[in-house]
Amino acid sequence: CIPKVWPGFTATRRFRGNTYQISVKNPDGVNKGVVRLQLDGLGIDPTGPIPFVADGKTHRVDVLLGK
């Protein structure tokens, strides 16, 4: 959940040797509800966890909030 007035945010998360660059966009001004989730440009289930890729590299996570 984020405040409705936030247009989005970015964050970097290190996890078990990997780096995840996370971008959350909130074009509809909601405070919850993931409508699209991508890992390195590939769509993944927005209701599930982000898969762990054990390769020690940097990965991009794109999150789109909406109704």
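Asp62 is a buried residue, with a relative accessible area of 16%, where buried stands for under 20% relative accessible area, exposed for over 50%, and partly exposed for what lies in between (1.4 Å probe, protein chains only). The model is a predicted one, in which local features need pLDDT of at least 70 and side-chain atom pairs count only at pLDDT 80 or more, while totals for chains, interfaces and linings use all residues. Residues are numbered from 1 along each chain as its sequence is written, and side-chain values use heavy atoms, with hydrogens and water left out.

Taken along the principal axes, the C-alpha atoms fill a box of roughly 35 × 20 × 15 Å. Of the 67 residues in the chain, 24% are buried, and the accessible surface comes to about 4,600 Å², with 55% of that area belonging to carbon and sulfur atoms; such areas come from the Shrake-Rupley method with a 1.4 Å probe, and for residues only the protein chains shown count as cover. Among the contacts with a separation of 6 or more, 60% join residues 24 or more positions apart, a contact being heavy atoms within 4.5 Å.

Thr58 is partly exposed, at 47% relative accessibility, and, once residues up to four places away in sequence are set aside, Thr58 touches Thr19 and Gln21. The C-alpha atom of Thr58 is also 8.9 Å from that of Arg14, although 44 residues separate the two along the chain.

His59, likewise found in strand E5, is buried, with a relative accessibility of 5%. The contacts of His59 beyond four places in sequence are with Asn18, Thr19, Tyr20, Gln21, Leu39, Asp40 and Val53. The side chain of His59 also makes a polar contact of 2.8 Å with the side chain of Asp55; a polar contact is a pair of N or O atoms within 3.5 Å, of which, within protein, one must be able to donate a hydrogen and the other to accept it, and residues adjacent in sequence count only if both atoms are side-chain atoms.

Asp62 belongs to strand E5 as well. Leaving aside its neighbours within four places in sequence, Asp62 is in contact with Ser23, Arg36, Leu37 and Gln38. Side chains of opposite charge can pair when their charged atoms come close. Here the side chains of Arg60 and Asp62 form a salt bridge at 3.0 Å, N to O, and one salt bridge is what a search of the whole structure finds; the term requires a side-chain nitrogen of Lys or Arg within 4 Å of a carboxyl oxygen of Asp or Glu.

The loops complete the tour. Arg16 sits between strand E1 (8–15) and E2, and is exposed, with a relative accessible area of 65%. Most residues other than glycine have a negative phi. The phi of Arg16, however, is positive, near 50°. Asp40, in the loop between E3 and strand E4 (42–44), has a positive phi of about 55° although it is not a glycine, and Asp40 is partly exposed, with a relative accessible area of 39%.

Val30 occupies the loop between strand E2 (18–25) and strand E3 (34–39), and it is buried, with a relative accessible area of 9%. Apart from residues up to four places away in sequence, Val30 touches Ile2, Pro3, Lys4, Leu65, Gly66 and Lys67. The C-alpha atoms of Val30 and Thr12, by comparison, are separated by 22 Å, with the two residues 18 apart along the chain.

Terms used. Helix = DSSP H or I, 4+ residues; strand = E, 2+ residues; numbered from the N terminus.
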